[in-house]
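Me: I want to go through this model by question and answer. Keep it brisk.

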Amino acid sequence: MAARIVAWLAFAVAAYALVPFAFAGNLYLMSMIIASLTIGGIALAWALLGNLGGLVSFGHAAFFGVGSYASALLVMKAGWPIGISLLAGGACAAFAAVLMLPALRLRGPYFALAVLAYAHIFRIIATEWKGLTNGAGGIGNIPRFPVVFGYDFSSKTGAYWIVLSLVLAFALIYAWIRSSHLGLALRAMHDSEEATRAVGVNSTLAKALMLFLSAFMTGMVGAFNAHYINFLEPDYAFSGLWTMLPIVAAIFGGYRTISGPLIGAVVVYLLDQLVFKAMMPIGHQIVLGALLGAMILFAPQGLLSIFARRRPRMASASGDA
Amino acid sequence: MLELSDIGVRFGGLRALDGVSLSVADSEIVGLVGPNGAGKTTLFNVISGNLRPQRGSLRFAGADIGSVPAYARARLGIGRTFQIPQPMHTLTVAENLAVAQRFGASRVDAQAAAEILDLVQLTGLASRDAATSLSLAELKALEVAKALATRPRMLLLDEVLAGLEAVAKRRFTQMLADIHARYKLAIVIIEHDIETISTLCPRAAVLNFGQLIADGTPSVVFSQPDVVASYTGTVPDA
Amino acid sequence: MTELVLQALWSGILTGSSYALIALGLALVFGTMNVINLAHGELVLLAAYVAYTCESAWGASPLLAIPAGIVIVCIATALTYALVGRIRRDRELNSLLLTYGIGIMLTNGILLIWKADIRSTKSPWLQDAVVLGPLYSMRSELLFFVVSAALIAGLWWWLTRTWAGRAVRAVASNRDAAQLMGIDPHRVEFVSFLVAGLLAAFAGAAIFSVNVIQPGLGISLTVKAFIITVLAGMGSVPGVLVGALLLGLTESLTTTFFSSALQELAGMVLFLVVLFVLPNGLFGTRWRRAH
């Protein structure tokens with residue numbers, strides 16, 4: 001346990017300090033890293049929903065898009081400060097998840113696809129509700145991150161620190177829940193939902209909470225992205241890529257662990273952008289599809305699980321790092 | 001403690017329960033018997049909230065619980081075991097109890113958990129994985145322990161002795177008696193073993209084809225001709 | 001006004017017939033294997049692009065492309081079946097992820113081969129308008145409506161009158177019991193996958209002749225097919241027909257009275273309404289709820 005905390009702390013130090021120190025000059029690389037962390041945040045949220053909530057979703061792009069638009073509009077039309085708007089973006093995405101509550105009664109595949117339908121619906125609403133979102137024309141000149149304590153957070157390094165902090169905060173929350181009694185109950189629900197209800201666990205509420213949390217996290221990441229890219233349009237904000245890349249990342253890195261989706265995101269995204277895209281400028285994501293298929297067939301627990309040592313049952317009762 | 005009034009349950013054309021009325025007092029032990037398919041587990045499902053009856057009412061501790069969901073009934077004090085043990089199998093025995101305590105009794109109490117494990121004779125197995133390494137008898141004991149961990153006022157035991165051989169059965173029966181003595185809770189127990197019922201339960205109720213056909217002391221109930229006929233298959237005289 | 005409505009109804013029926021072909025394939029595979037093939041729409045799209053290639057390379061009518069489409073789609077289908085069969089655990093969800101991955105590969109493969117441009121048929125014969133009383137339609141729409149109807153009738157006959165079809169229905173309703181009767185479920189699964197591929201090939205040719213195609217169309221076709229199977233309730237062939245018609249009608253009525261941009265939305269909303277109000281679909285025989 002202590003070793004794991006030390007590992008995470010070392011990682012945090014390296015991430016906050018060493019990365020900007022080493023790469024701040026290379027704007028392209030920094031952009032790639034920021035984008036991969038954005039995907040990583042969604043991947044973490046997706047894995048949390050799958051792992052703790054037992055729900056697979058094919059529509060996380062919905063939460064991403066809602067968070068993006070909510071934050072951008074609150075800042076631009078209602079004058080909210082950007083930091084609060086990130087939280088509000090998350091809250092709006094969580095509210096969108098409330099609309100999905102009836103879908104919780106459905107069996108696995110049906111829930112997954114019902115969420116996909118929601119994603120389509122939100123995209124179409126964003127395109128058609130021109131009064132609110134300016135429709136397909138999109139919203140431009142979204143305000144950048146402000147200068148705080150003299151530091152300009154709209155710089156690459158600044159944006160990097162913000163998204164890194166978001167992702168690490170998500171990881172902390174995930175770990176905290178997983179080691180709590182709620183986490184125990186969630187695991188028990190996968191074994192036997194009936195048995196958990198018979199001992200007093202409100203399983204529907206527990207799953208709903210995981211859905212809200214996953215949506216909230218994804219919404220915050222979407223909000224971050226809006227103020228980082230400074231431009232939004234429906235096809236971009238609700239693009240299937242925001243669903244697909246996190247799924248590939250989480251499956252590749254191992255969706256049962258907390259670090260898996262993050263490592264998976266960085267590796268998969270960087271590989272895709274730096275290697276595959278260079279080899280095949282169009283259609284390079286075919287490799288991602290193949291990767292996903294290969295993972296499901298040969299290593300459903302993720303590539304990293306092949307390298308992880310098997311730990312004794314007691315130690316892993318609260319999960320791996 | 002429990003008052004069932006005119007409970008009716010239909011599955012399509014089948015009347016699983018037909019006008020069942022039953023009362024269970026505090027600390028009472030009632031045996032529920034009847035041939036397979038009589039509706040015993042269905043009745044449990046109605047009491048624990050897994051099934052909504054189309055007809056009738058149920059009151060628990062004086063309050064109408066007809067619209068209370070299953071998990072809330074567990075918190076109110078209705079504990080149950082399942083015919084086929086449903087452990088939370090990737091959790092350890094101790095964790096099973098911890099979840100039951102935390103959510104069914106609002107407080108995790110290590111001492112109470114230890115006492116329960118002691119009563120069901122699972123103390124040495126507290127850190128074992130519930131799925132992979134427990135025998136049937138141990139799994140059944142875990143079912144009871146889980147239910148007890150929610151601090152129930154009434155315990156519903158669904159064929160908890162089924163599949164155990166004679167020695168284990170006697171041990172289990174004694175265990176149930178000890179539990180009743182210790183916690184003074186009401187117990188309704190579904191069993192096929194008439195000897196067990198007669199030993200353990202001062203009162204027995206008989207279900208047949210969804211109807212309550214007898215309710216009284218075991219010696220009286222089991223010598224009633226229609227009860228005997230329901231088990232032996234002969235048609236009772238009209 | 002009535003003319004508008006009649007025209008909308010007519011268009012809806014024509015569109016619905018193509019949707020029915022797509023949805024039937026999906027439903028067949030789900031019925032026998034309990035697997036939702038998320039790559040199904042991409043398979044239809046593949047057939048559509050084969051039709052395009054035949055037309056642009058050899059000037060052949062899309063109808064003539066159908067045999068080639070069948071071959072190619074069935075090969076892809078067989079490969080998908082082989083891969084899905086390799087999943088050992090959690091087949092329901094893992095197959096979703098696997099076919100999702102296959103769908104991504106197909107979409108990008110199509111992008112690689114045929115580029116991102118929008119394509120549609122250039123055949124004037126197909127694009128000609130046909131007038132039946134007050135009702136207009138493109139000749140291609142009418143043609144493929146007839147083809148679809150014939151295929152659906154053929155499928156119905158196959159399912160109810162042939163032993164192979166009965167085996168499919170047996171496995172779909174109770175896999176274990178079917179095995180006990182000597183039916184090999186793997187063979188049946190494979191056959192249902194192939195039949196789905198066959199239907200998809202026709203649907204692809206239809207889509208190319210009637211609509212415009214582009215690589216991103218695959219996922220929306222899959223979603224539409226899924227919506228229809230939800231509307232229908234799993235395990236019901238007539239239900240799929242009704243569902244397909246219902247979706248087609250909803251879309252065309254929305255286009256007529258609101259705007260064509262909203263037609264996809266209308267379909268989605270219809271889907272959600274049915275999902276929550278009638279969880280078994282209109283004709284469902286299998287529970288879709290978790291408990």
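Me: Two residues are in contact if their C-beta atoms, placed from the backbone, lie within 7 Å. This model is predicted; local features need pLDDT of at least 70, side-chain atom pairs 80 or more, while totals for chains, interfaces and linings use all residues. Residues are numbered from 1 along each chain as written, with chains lettered from A and ligands numbered from 1 in written order. Which residues of helix 5 of chain B meet helix 3 of chain B?

Reply: Helices are DSSP runs (H or I, at least four residues; strands are E, at least two). Helix 3 of chain B brings Val93(B), Asn96(B), Leu97(B), Ala100(B), Gln101(B) and Gly104(B). Their partners in helix 5 of chain B are Leu142(B), Ala145(B), Lys146(B) and Ala149(B).

Me: Are helix 3 and helix 5 of chain B roughly parallel or roughly antiparallel?

Reply: The axes of helix 3 (93-104) and helix 5 (136-149) of chain B lie 7 Å apart, at about 30°. Angles under 35 degrees count as roughly parallel, over 145 as roughly antiparallel. Helix 3 and helix 5 of chain B are therefore roughly parallel.

Me: Which element gives the largest share of the side of chain A that touches chain B?

Reply: The contact joins 20 residues of chain A to 25 of chain B. Helix 8 (181-191) and helix 9 (193-198) of chain A each give two or more residues. The largest share, 6 residues, comes from helix 8 of chain A.

Me: Which residue stands opposite Val206(B)?

Reply: Strand 9 (203-208) of chain B pairs (at least two DSSP bridges) with strand 3 (29-33) of chain B in the parallel sense over 4 bridges. Strand 10 (211-216) of chain B runs antiparallel to strand 9, with 5 bridges. In strand 10, the residue opposite Val206(B) is Ala214(B).

Me: Which residue in the hairpin turn has a positive phi?

Reply: Strand 9 and strand 10 of chain B form the hairpin, with 2 residues between them. The phi is about 50°, and the residue is Phe209(B).

Notes
Axes fitted to C-alpha atoms, helices over the stretch in contact; angles between N-to-C directions. Parallel < 35°, antiparallel > 145°, perpendicular 65-115°, else oblique.
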